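Please keep the sequence and the 3D view open as you read.

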Amino acid sequence: MSSAGQRGAVLLAMTLAAAMAFASPSNAQQGPQEEVGFADSREVLMQADELTYDRETRVVTATGHVELAYGERVLLADRVTYDETTGVVTADGNVSLLDPQGDVAFADHIVLRNEMRDGVIQTLQVLLSDNSRLAGSSVVRSGGNMTTLHRGVYSPCDVCEKKGQTTPLWQIKAFRVIHNKEEKRIIYEDAFMEFYGVPVLYIPYFSQPDPSVKRQSGFLTPTLMSSTDLGQQAEIPYYWAISPDKDVTLIPRFTTKEGTVYQGEYRQRFEDGRIQMFGTATWPRTQQAGTPADDDFRGSLFGNGNFDIDENWSWGFRSELTSDDTYLRKYDLSDATDLVSNLNATYANGRNSFTADAYYFRGLLSTDSTATTPWVAPILQYDYSYPDQILGGRVGFSANAMVLERQQGAKSRRISSSVRWDHRETTRSGFVYRLFASLRGDFYSVEDVPNTAVPGATFDETTIARALPTIGAEWSYPLMRVDGDVRHVLEPIAQIIYSPNVGNTVEIPDEDSQSFEFDDTNLFSEDRFAGLDRWETGARANVGLRYSIYTAGGGQANALFGQSFRVEDNNSLAAGTGLRDESSDYVGRVMVSPNKDLLAVYRFRLDDQKLKIRRNEVSLLGRRGPATGELGYAYFAADQSVSFTPREEIYAGSVLRLDEYWRVFGQTRRDLANSRTVANRVGIGYEDECIDFSIGFSQSFYRDRDIEPDKSVVLRITFKTLGTARVAGSTDSE
């Protein structure tokens with residue numbers, strides 16, 4: 001008989017013999033503490049190269065590639081004996097024990113009982129489910145969920161013997177280590193943290209969640225900082241897992257100069273939604289008269305939530321509140337300079353959609369005024385798309401209503417609606433046609449609108465009704481040529497739009513269209529204003545040429561160049577928009593990406609008379625070997641936009657990987673118009689399977705009332721599987 005046949009016969013015999021042995025009722029005659037054998041209804045699977053059964057001693061012996069599976073536990077060894085009388089399993093040689101949590105224990109000799117849940121092991125190594133390791137001597141397993149190791153060692157770090165390493169980068173050694181799988185915690189008693197075998201920190205007692213835990217109450221790794229304004233600082237966060245659907249993180253920050261900053265985050269999930277809130281509060285020891293820091297209380301409340309009412313309706317909120325303008329930036333809580341709080345409700349059902357919103361705005365710059373900052377409650381939007389075609393085109397309807405108020409300045413109420421028709425067609429010759437038409441009507445009630453012709457004066461309270469019909473046509477002719485593995489597409493585009501040249505009345509305040517900008521993204525837009533308070537009128541034509549190239553290797557490039565023309569000047573448009581005259585400025589874009597590692601984009605706007613550059617933007621993203629870099633340049637002329645202030649700046653950033661683990665990085669941003677640097681940052685970092693740390697030096701030259709320029713050094717350390725520590729130092733610039 002062949003060896004394969006012999007092994008198969010042995011396996012069959014072993015399975016039958018093991019089933020008989022393990023099912024024997026002899027254990028029923030033992031004491032209650034010894035009724036721990038395999039005599040139950042669970043399936044026992046066993047295979048080995050050879051098996052013997054001694055009927056007198058009631059001992060099963062398996063040798064050679066032994067595999068024993070009982071329930072969810074699997075035992076592998078060179079030799080295994082099972083004493084049916086005592087229910088003890090003894091394994092020797094290359095022993096591996098896999099438990100239901102995915103942990104694997106390794107030993108040379110192991111004695112198990114109680115369905116392989118309990119046992120005594122002389123020397124044990126455990127590979128946890130997250131690839132971290134736990135080892136110790138004189139190991140005792142009890143209850144199937146408690147493992148106690150004397151002189152235990154824990155580490156997630158690999159040891160590279162090829163590089164001559166004998167100890168991991170960091171490890172924790174303890175007189176006793178207890179792995180409680182029921183509570184899912186690893187407990188250390190009399191522990192030292194070592195770096196490359198050198199003890200650096202003694203901890204009499206601490207514990208951590210085991211790898212199976214996704215969330216559990218306990219202290220998180222603290223953060224240490226130092227700054228001129230706040231002095232020495234320490235954050236000691238505590239995470240409280242209240243229940244499976246909610247938790248709280250308390251993060252008090254203790255400072256030597258300004259007392260305690262109380263911080264806390266609350267999260268909860270519901271059957272129909274979720275909520276997340278983050279609040280802070282402090283009572284500073286010092287106040288600065290004439291600045292936002294002259295109050296004895298400073299705080300903030302940020303949060304958001306979303307909830308489903310039924311299959312169509314939902315509602316949500318966003319909270320961004322702070323006690324004063326500079327608190328968030330002063331205490332390094334947020335870099336935001338504009339805060340938006342919102343309450344909303346949404347309905348969606350097929351082609352029908354409806355939203356209702358209320359907004360509260362807060363500007364945090366010194367130029368912002370609370371009295372003139374508006375709030376909107378409500379703003380309603382309804383959209384409907386008719387399912388069937390009419391005259392060969394799609395028909396849609398939309399309606400909008402808004403109420404905008406402020407303490408000082410213009411106030412407006414608006415109702416607006418529009419109906420739209422759109423038809424698209426591609427002919428056999430390859431021409432692409434598009435016909436469109438729309439009719440829009442607005443009704444405004446306004447008051448306290450500034451009269452720009454009379455400084456300091458306002459228009460009388462009034463109501464204004466207006467309507468605008470628009471029709472248009474668009475034509476394009478994509479031409480394609482294939483040259484080997486390269487595909488070229490050349491597409492001329494022409495668009496003609498007509499609407500009465502009624503312009504825009506200054507009695508309607510511009511609240512939602514101030515971000516107007518003419519560029520390559522809206523060259524072929526029918527109305528280039530983002531909101532409803534302003535609209536584009538008059539007979540006009542938009543023409544352009546688009547060229548694209550594609551390679552078989554995934555490289556591509558495209559370019560767009562175009563201009564807009566009018567039958568007559570539109571004086572309701574600001575001169576800085578580039579659209580007021582009969583011929584507009586030139587706009588264009590060039591994008592080149594020869595492969596996935598390089599992307600270059602250039603966008604521009606040129607004066608149509610003198611070809612003067614009004615806008616210049618360059619962005620470059622690239623990766624070459626171990627280096628990744630980003631370069632950006634932007635120039636906006638003083639008169640090129642109604643919403644952007646003139647500026648010229650450059651930005652550069654890069655990350656260079658020195659090897660598999662080490663990296664250096666740096667960033668800088670400079671205001672070229674004012675010849676000043678905005679911010680700098682440079683640093684070095686290291687990351688492997690068990691630790692991630694970086695040290696960086698940064699400069700900020702920002703000033704705003706009680707905020708001064710700052711220099712800081714930040715050290716971040718993440719002990720993987722343990723948590724994150726941060727040490728920072730900061731001093732003001734001279």
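A disulfide is a pair of cysteine sulfur atoms within 2.5 Å. This is a predicted model, in which local features need pLDDT of at least 70, side-chain atom pairs count only at pLDDT 80 or more, and totals for chains, interfaces and linings use all residues. Residues are numbered from 1 along each chain as its sequence is written, and side-chain values use heavy atoms, with hydrogens and water left out.

**The cysteine link**

The structure holds 1 disulfide. Cys157 and Cys690 form this bond, with their sulfur atoms 2.0 Å apart, and the link is right-handed, with 95° about the S-S bond. The pair connects distant parts of the chain, 533 residues apart: Cys157 is in the loop between β9 (146-155) and β10 (170-180), and Cys690 is in the loop between β40 (676-687) and β41 (691-700). Strands here are DSSP runs (E, at least two residues), and helices are runs of H or I of at least four, both numbered from the N terminus.

Are the two cysteines buried or exposed? Cys157 counts as buried at 4% relative accessibility, and Cys690 is buried at 0%. Buried means under 20% relative accessible area, exposed over 50%, and partly exposed in between (1.4 Å probe, protein chains only).

**Charged pairs**

Side chains of opposite charge can pair when their charged atoms come close. A salt bridge is counted when a side-chain nitrogen of Lys or Arg is within 4 Å of a carboxyl oxygen of Asp or Glu, and by this rule there are 48 salt bridges. Here are some of them.

| Salt bridge | Closest N to O distance |
|---|---|
| Arg589 and Asp520 | 3.0 Å |
| Asp597 and Arg623 | 2.6 Å |

Arg589 lies in strand β34 (586-595) and Asp520 in the loop between β31 (486-498) and β32 (540-551), so this pair ties together parts 69 residues apart in sequence. Both Arg589 and Asp520 are buried. The two also belong to a network of salt bridges whose members include Glu517, Asp519, Arg603, Arg615 and Glu617.

Asp597 is partly exposed at 25%, and Arg623 is partly exposed at 44%.

**Surface patches**

Patches are made of residues with over 30% relative accessible area and no salt bridge; like charges are joined within 9 Å, and nonpolar side chains (Val, Leu, Ile, Met, Phe, Trp, Tyr) within 5 Å. Accessible areas come from the Shrake-Rupley method with a 1.4 Å probe, and for residues only the protein chains shown count as cover.

Which residues form the nonpolar patch? Leu598, Leu620, Leu631, Ile650 and Leu672 do, with about 340 Å² of accessible area together. Leu672 sits in the loop between β39 (662-671) and β40 and is partly exposed at 32%.

A patch of negative charge gathers Glu271, Asp272, Asp308, Asp310 and Glu311 on the surface. Lys and Arg count as positive and Asp and Glu as negative, with His and the chain ends not counted; the place of a charge is NZ of Lys, CZ of Arg, CG of Asp or CD of Glu. Glu271 is in the loop between β19 (259-270) and β20 (273-282) and is exposed at 89%.

**Backbone details**

The peptide bond from Ala377 to Pro378 is cis, with omega near -5°, and Pro378 belongs to strand β25 (375-385). His65, in strand β3 (59-70), has a positive phi near 50° without being a glycine.
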